Amino acid sequence: MTVLVTGGAGYIGSHAALALLDAGRKVVVLDNLSQGHRWAVPAGAAFVEGDCGDYELVRKLVADHDVTAIMHFAGSIIVPESVVYPLDYYYNNTVNSRALAQAAVDAGIRHFIFSSTAGVYGEPAKTPILEDFPSKPISPYGTSKMMTEKMLADASVAHDMNYVALRYFNVAGADPEGRAGQTSRKATHLIKIASQAATGVRSHLEIYGEDYETPDGTCIRDYIHVSDLANAHVLALEYLENGGESDVMNCGYGRGFSVKEVISAVKEVSGVDFPVKLAERRPGDPAALIAGADRVREKLGWVPKHDDLEMIVRHALDWEESLKTRQVVDAA
Ligand SMILES: NC(=O)c1ccc[n+]([C@@H]2O[C@H](COP(=O)([O-])OP(=O)(O)OC[C@H]3O[C@@H](n4cnc5c(N)ncnc54)[C@H](O)[C@@H]3O)[C@@H](O)[C@H]2O)c1
Ligand SMILES: O=c1ccn([C@@H]2O[C@H](COP(=O)(O)OP(=O)(O)O[C@H]3O[C@H](CO)[C@@H](O)[C@H](O)[C@H]3O)[C@@H](O)[C@H]2O)c(=O)[nH]1
């Protein structure tokens, strides 16, 4: 009765592994360490270094660890990078997910939880975005995730496996107890970068575009605390184990902040007025993404504990400071 967490040496996967362990579950992490860190895998979890697309390896570890459910976080995650290297994204996010799903079905795994994204909606006609809005991604990243969602939908009809695809909006913050946080090798996320600028790891922050059709001209996103998101995974697993029907669910709080509002919050909480420069728009960025977030609350009974931008920023800053002592800060 073990949960396989792919990508559990990465940011969100390591928090989910912690949440599972906190809930009394057994966990085995599979990660190729392309972005994650061995030390980020929680102490109570078993670890296997390898690729989630390695069918034989997955079959073996499922048998060795008595795996009954999979949470699939492993993937490539940077929207603008996917525009430059689309085939890499289709390989890692779609082809490898297909192999993992095949191994899951062949091994008789009954429950599968997938890390999807608000990126599947593309440029939505309106906000908040509901799950039944059309999937029209505007980046290869979003398409690569949408294709995996569709594979899982078809596989769940044909096989005895139910699934939940959680469509995350913008994940930020860190474990409130300081046990985990974001340490990706190539940080691109706004709150991470602003936290690095506030703690002196970066010299400044750039705003990618000030001419969007939003009140202050900068993009609006729905920032969700990583620990609330990790908890949604534990609830999704219970839901599937209790016979819940397969579904897709947005994960966000249903409210948005602009890039400028986030920068102000980081300056306010840190007390550091770091330099901010204006830069060109980044490819693949929709103007506003805000979750319609009723379904995850209604179906999973999810009640967030950290719906507070200042708290999210505080935890991100605390983690960034703690990284200095761990000497694992990546070059900015
Ligand atoms: N961070 C966000 O805001 C966000 C939003 C929406 C969706 N997601 C999705 O959540 C998941 C986790 O994202 P994250 O922010 O924790 O990223 P991350 O880069 O910190 O973690 C991903 C982990 O997967 C591992 N990995 C990558 N490819 C692998 C492979 N083929 N086999 C085994 N391990 C592999 C990496 O080494 C890393 O540890 C991703 O699928 C991402 O697309 C993230
Ligand atoms: O240095 C920076 C970094 C970001 N931004 C802007 O901040 C916003 C948020 O960007 P970022 O934090 O990089 O997140 P997104 O590009 O919105 O994508 C994240 O959120 C998506 C879901 O909404 C996920 O699918 C992706 O994996 C995840 O990277 C965007 O408008 C960026 O242009 C800046 O202006 N300057």
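Helix H6 and strand S8 (205-208) each supply at least two residues of the shell around ligand 2; here helices (H or I, at least four residues) and strands (E, at least two) are DSSP runs, numbered from the N terminus. The model is a predicted one, in which local features need pLDDT of at least 70 and side-chain atom pairs count only at pLDDT 80 or more, while totals for chains, interfaces and linings use all residues. Residues are numbered from 1 along each chain as its sequence is written, and chains are lettered from A and ligands numbered from 1 in the order in which they are written.

The shell around ligand 2 holds 22 residues, and Thr117, Ala118, Leu190, Tyr208 and Cys219 come nearest; a residue is near a molecule or strand if its C-beta atom, placed from the backbone, lies within 6 Å of it. With four residues, S8 gives the most to this shell. By class, the shell around ligand 2 has 13 nonpolar, five polar and four charged residues, where Ala, Val, Leu, Ile, Met, Phe, Trp, Tyr, Cys and Pro count as nonpolar, Asp, Glu, Lys and Arg as charged, and the others, Gly among them, as polar. At least three residues of the shell around ligand 2 come from each of domain 1 (2-172 + 223-251) and domain 2 (190-221 + 254-326).

These two domains are the parts into which the chain is divided, with bounds that come from an automatic or database domain assignment. Their C-alpha centres lie 23 Å apart. Across the boundary, 28 residues of domain 1 are in contact with 26 residues of domain 2; two residues are in contact if their C-beta atoms, placed from the backbone, lie within 7 Å. On the side of domain 1 that touches domain 2, two or more residues come from each of helix H3 (79-84), strand S7 (170-172), strand S10 (223-225), helix H7 (226-241) and strand S11 (247-251). H7 gives the most to this side, with six residues. The residues on this side of domain 1 divide into 17 nonpolar, seven polar and four charged.

Attention now turns to ligand 1. Around ligand 1 there are 29 residues, of which Gly7, Gly10, Tyr11, Gly36 and Gly75 come nearest. Helix H1 (11-22), strand S2 (26-31), helix H4 (86-106), strand S5 (111-117) and S7 are the elements that give two or more residues to this shell. H1 provides the largest share, three residues. The shell around ligand 1 has 11 nonpolar, 16 polar and two charged residues.

A helix pair comes next. Two packed helices are described by the angle between their axes and the distance between the axes. For helix H6 (residues 190-198) and helix H8 (residues 259-270), the axes come within 10 Å and cross at roughly 35 degrees; axes are lines fitted to C-alpha atoms, for helices over the stretch in contact, and angles run from 0 to 180 degrees between N-to-C directions. The crossing of H6 and H8 is right-handed, the term for a near helix turned clockwise from the far one by less than a right angle, with left-handed for anticlockwise. H6 makes the contact through Leu190, Ile191, Ala194, Ser195 and Ala198, and H8 through Val259, Val262, Ile263, Val266 and Ser270. The residues of this contact are eight nonpolar, two polar and no charged.

Two single residues show contrasting surroundings. Tyr163 lies in strand S6 (residues 162-168) and counts as buried because it has 25 C-beta neighbours inside 10 Å. A residue is buried if 20 or more other C-beta atoms lie within 10 Å of its own, exposed if 12 or fewer, and partly exposed in between, with C-beta atoms placed from the backbone. Beyond residues up to four places away in sequence, Tyr163 touches Phe112, Ile113, Phe114, Leu152, Ser156 and Ser246. The C-alpha atoms of Tyr163 and Ser246 are separated by 4.8 Å, although these residues are 83 residues apart along the chain. Pro275, found in the loop between H8 and strand S13 (276-279), counts as exposed because it has 10 C-beta neighbours inside 10 Å.

Finally, the backbone deserves a look. Most residues other than glycine have a negative phi, and most peptide bonds are trans. A cis peptide bond joins Thr127 and Pro128, with omega about -5 degrees. Leu33, in the loop between S2 and strand S3 (46-49), has a positive phi near 60 degrees.
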